[in-house]
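Colleague: Could you take a close look at the aromatic rings for me? I would like to know which of them group together and how they are placed.

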Amino acid sequence: MSREGHTGTAHKVASVFLRCGQFASAVIVLAILSRFSYLISIPQAGADGRIVYAMVVASISIVYSFFFCIPFKTLFLGFPVDFILFIMWLVAYCLLQTKTHSHTCSAAWYNNYWGYYWGRFYRYGPVGTVRINGAGCGQWRTVLAFSFIAWVLHLLSGALGAYVFHTYIKLDETKRDLKHHSEKFTKRHPEANGYEQGIEAHNGAVHPQAHNGAVHSQPAVPPTSVVRE
């Protein structure tokens, strides 16, 4: 058995699992940050730029991981995008982590911003005058955790794609695969082809008859009269 046939299924299955993990991580991060953005929009507070950046990265990651989840061999060529998303997620994680550092749910930023608006404590008093009591702490920890998981998964996916491309994929075979997949999507339905061929055959049978009819329907030339002397 060839090396490609022996390991082809393994790296495709691994790629699907990594894509599903990336998709799930990005959805969780985007869902929590979108909820927080909604909560801060009620009192018309300003959105933190780091949170907006993380939401943008999560949105891109969702679209990319969804469309590249199909285990086609040619889709491993997208591994450079995985490395780009790895860097973007790493930056997002670092930006969010530095907001609270190791204090997480006891940092000033958490008490005066995240927890304050997550628990809607603006209804009871200005910032710094109410006790947060851990409001939104679990959600904030979840955002940090899945941001970390997302950049790790994209790093692994990029490394897997680079390995598969270097070991198994040849450029000539890749071109043939792309051409084959494009033909599958653009090829007309066989019944439609048969229907069109039937119409062409019918038209070809009718036209000669029409032509022959036109020939036979020509008016006869009247015989010349003979003049007697």
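Modeller: Happy to! Rings of Phe, Tyr and Trp (for Trp, its six-membered ring) pair if their centres lie within 6.5 Å; planes under 30 degrees apart count as stacked, over 60 as edge-to-face and the rest as tilted. Please keep in mind that this is a predicted model, where local features need pLDDT of at least 70, side-chain atom pairs count only at pLDDT 80 or more, and totals for chains, interfaces and linings use all residues. Residues are numbered from 1 along each chain as its sequence is written, and side-chain values use heavy atoms, with hydrogens and water left out.

One aromatic cluster is formed by Phe36, Trp109, Tyr113, Trp114, Tyr116, Tyr117, Trp118, Tyr122 and Trp140. Searching the whole structure gives 20 aromatic pairs. Among them is the stacked pair of Phe36 and Trp114, with 4.3 Å from centre to centre and 15 degrees between the planes. This pair links distant parts of the chain, 78 residues apart: Phe36 belongs to helix 1 (residues 3-41) and Trp114 to helix 4 (residues 108-118). Helices here are DSSP runs (H or I, at least four residues), numbered from the N terminus.

How accessible are the two partners? Phe36 has a relative accessible area of 0%, and Trp114 has a relative accessible area of 0%. Buried means under 20%, exposed over 50% and partly exposed in between (1.4 Å probe, protein chains only), so Phe36 and Trp114 are buried.

Methods: Helix = DSSP H or I, 4+ residues; strand = E, 2+ residues; numbered from the N terminus.
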